[in-house]
Amino acid sequence: MFFILSKTIYYILMPTFLLAVGLLYAAIKTQGKTKKWLWGLFVFYYLFTNNYVADSCLKAWEIAVTPLKEVKHHKLAVVLTGVTNYSKEPFDRVYFARGADRVMHTVLLYKKKLIDKILITGGEVKFDGKRINEAEQLRNVFLLSGVPDSVIIMEKFAKNTYENAKLSKPFIEKISPTEKVLLITSAFHGRRSQMCFAKQGFKFDTFTVDFLTSDKLFLVANLAPSSSAFHKWEILIHELLGVITYKLMGYI
């Protein structure tokens, strides 16, 4: 009983829920043309804060998980960066913004002897006059996780997914010229990554990590407006716009 009550109070006090109540009240009480606008705004708001709808749409876009028993041995795994919080100080450790799965699942694959070498691709960023290289940051985490330095290769100049694929090419041609490489990236980013690497003529399998969606999402529990739904829509729209932009630029 306490669990149900605490969860109910939690949802009721959230700004997303209170705003929905305010919009609904205004739509009911207001008259004239404004009433139609408020009802439209309420429906729009509720649609994009409904976690069930957002989760379902993003899940249709994500590249599905690959069970470990289905992963074949690869000589080289390519790990994309873009998962650290490089604006956090002091710069004496690695802060993950999200997406730590890209590293930890790669460690798992290595320790299960499913990959031999790890290529980290991701460039240098500047923040407040300081230079921070994400490839080096992820390398430090790999080392802390017990991966030998001899296994790790770094491409330290790519600034986006297109450059990840393009600048990885010399390393891939040298290490695994005829065999497939294993592309490791977040599930929501998998499609754009696949398009970029395919454009460069690579043969690869994709191992997606960092899933934002759930396999068991109950409708009743997700009727209340949720800010996490907004985040999922932002990710999905960002990726869709990314694909369109990359297509127009000839990157994919």
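Trainee: Which residues of the largest nonpolar core touch the most other members?

Mentor: In this predicted model, they are Leu76, Val78, Ile172 and Phe197, out of 29 residues in that core. Helix H4 (51-61), E1, H7, E6, helix H8 (190-199) and H9 each give two or more residues to this core, and H9 gives the most, with six.

Trainee: What makes Phe197 a contact partner of Val78 and Ile172?

Mentor: Contact means heavy atoms within 4.5 Å. Phe197 touches both, and also Leu80, Asn164, Ala165, Leu183, Phe202 and Phe204, with residues up to four places away in sequence not counted. Apart from this core lies another, of 22 residues, including Leu114 and Val209.

Trainee: Why are the buried residues of helix H5 said to lie on the same side?

Mentor: The buried residues of H5 (residues 101-111) are Arg102, Val103, Thr106, Val107 and Leu109. They cover an arc of only 160 degrees around the axis, and therefore they lie on the same side of H5. Buried means under 20% relative accessible area, so each of the five falls below that cut-off. They pack against strand E1 (74-80), strand E2 (115-121), helix H6 (134-144), strand E6 (181-186) and strand E7 (204-209).

Trainee: What classes of residue make up the lining of the largest pocket?

Mentor: The lining has nine nonpolar, eleven polar and seven charged residues. Among its 27 residues, Thr81, Gly82, Val83, Arg102 and Glu134 lie nearest the centre of the pocket, whose volume is about 630 Å³. H9 gives the most to this lining, with four residues.

Conventions
Residues are numbered from 1 along each chain as its sequence is written. This is a predicted model: local features need pLDDT of at least 70, side-chain atom pairs count only at pLDDT 80 or more; totals for chains, interfaces and linings use all residues. Side-chain values use heavy atoms; hydrogens and water are left out. Buried means under 20% relative accessible area, exposed over 50%, partly exposed in between (1.4 Å probe, protein chains only). The arc is that of the directions from the helix axis to the C-beta atoms. On a 1 Å grid over the protein atoms alone, a cavity is a set of points where a 1.4 Å probe fits but cannot get out, and a pocket is an open set with protein on both sides within 12 Å along at least five of seven lines; lining residues have an atom within 4 Å of a point. Grid points are joined across faces, edges and corners, and a volume is the space filled by probe spheres set on the points. Ala, Val, Leu, Ile, Met, Phe, Trp, Tyr, Cys and Pro count as nonpolar, Asp, Glu, Lys and Arg as charged, and the others, Gly among them, as polar. A nonpolar core is a set of buried Ala, Val, Leu, Ile, Met, Phe, Trp, Tyr and Cys residues joined through side-chain atoms within 4.5 Å.
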